[in-house]
Amino acid sequence: PISARGSSGKMAAPMSRGSRGSEPGAAPYGNFPNYSRFHPPEGRVSLLPQGLLRSLFPAATRPLLGLDVGCNSGELSVALYQHLLGLQDSDSSPEPPGAGRELKLLCCDIDPELIRRAQQSSPFPASISFASLDIMDPAAREPCLSSFLERFGRSSFDIGFCMSVTMWIHLHHGDRGLLEFLALLASLCTFLLVEPQPWRCYRAAARRLRRLGRRDFQHFRSLRINGDMAQSVTRILTQECAMELVRCFGSTSWDRSLLLFKSTGARPEGSD
């Protein structure tokens, strides 16, 4: 899933709908049309402990606000919402009373078609909002995030989710773009759950693009931040973005770490 374009936010729009098909290389922003089939949500949420929100926010004002960047068609967003609130699949429709008072999610993706799918299939329309957004375009980002936060009288999110997004930001924006992206999330969120793609995924994405006869990612060969990407993301967030690593929840079966960070600023829980 991704919300990423060029560092100016002015790169070409996502590939035409008919060109994507089922070939992953035809989705150069990570906007795979059937992403959850090959990376099912259960592979992530099963690593997160029950009662995580309660342990992170024991006395916070409700509702808690969450931001999911690069939500694709929303399957993982819904699974995270259900898991964090202790809801079972059987609870999903109609929405359990009181659930919306606990957590409100804003989920964004660069691909409007995937967002339409997410909106149409969401079992929690009162609690999960989906928006088509290039997160790296300030002119689009600021009004979208502000209007959501202002509904609750807030200026930041309690928790952010960045699940297999960092690579796409990095490939399209370069090292500087990755630094800007992580700094943005750190400034917006008290807690941040990040699943960085390992470096081998970068090589695989570049190979897929070449196999389709397309030009390489603009920044791929000039990236100086490389190698152990979980370590690099941790270093950037802790050394440059005023966050601390709270916990690694382990790795998925496809070898991606789930890392939870917390802002070291003096932002109170559930308020600004």
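Visitor: Is Ser164 buried or exposed?

Guide: Buried. This is a predicted model, and in it Ser164 counts as buried because its relative accessibility is 1%, under the 20% cut-off.

Visitor: Where is Ser164 found?

Guide: Ser164 is in the loop between β4 (157-163) and α9.

Visitor: What is phi of Ser164 near?

Guide: Near 55°. That is a positive value in a residue other than glycine. Most residues other than glycine have a negative phi.

Visitor: Which other residue has a positive phi without being glycine?

Guide: Asp255, with phi near 65°. Asp255 lies in the loop between β6 (243-251) and β7 (257-263).

Visitor: Which residues of α9 and α11 meet?

Guide: On the α9 side, Thr166, His170, Leu178, Leu179, Leu182 and Ala186. On the α11 side, Met229, Val233, Ile236, Leu237 and Glu240. Eight of the residues in this contact are nonpolar, two are polar and one is charged.

Visitor: How many residues does the largest nonpolar core have?

Guide: It has 49. Ile135, Phe157, Leu171, Phe181 and Leu237 have the most contacts inside it. Helix α9 gives the largest share of this core, eleven residues. Nonpolar side chains tend to be buried together in soluble globular proteins.

Visitor: What does Leu171 touch?

Guide: Leaving out residues up to four places away in sequence, Leu171 touches Tyr202, Ala205, Phe217, Gln218, His219, Phe220 and Leu223.

Visitor: New topic. Where does Asp216 lie?

Guide: In the loop between α10 and α11. At 25% relative accessibility, Asp216 counts as partly exposed.

Visitor: What is Asp216 in contact with?

Guide: Ala206, Leu209, Arg210 and Arg221, leaving aside neighbours within four places in sequence. Asp216 and Ala206 are ten residues apart along the chain, and their C-alpha atoms are separated by 6.2 Å.

Visitor: How many residues of α5 are buried?

Guide: Nine of its ten, so helix α5 (residues 75-84) is mostly covered. The buried residues include Leu76, Val78, Tyr81 and His83. Just after α5, Gly86 takes a positive phi of about 70°.

Visitor: And the whole chain? How many helices and strands?

Guide: Eleven helices and seven strands. The chain has 272 residues, and buried residues make up 57% of them. Among contacts between residues at least 6 apart in sequence, 75% join residues at least 24 apart.

Conventions. Residues are numbered from 1 along each chain as its sequence is written. This is a predicted model: local features need pLDDT of at least 70, side-chain atom pairs count only at pLDDT 80 or more; totals for chains, interfaces and linings use all residues. Side-chain values use heavy atoms; hydrogens and water are left out. A nonpolar core is a set of buried Ala, Val, Leu, Ile, Met, Phe, Trp, Tyr and Cys residues joined through side-chain atoms within 4.5 Å. Buried means under 20% relative accessible area, exposed over 50%, partly exposed in between (1.4 Å probe, protein chains only). Helices (H or I, at least four residues) and strands (E, at least two) are DSSP runs, numbered from the N terminus. Contact means heavy atoms within 4.5 Å. Ala, Val, Leu, Ile, Met, Phe, Trp, Tyr, Cys and Pro count as nonpolar, Asp, Glu, Lys and Arg as charged, and the others, Gly among them, as polar.
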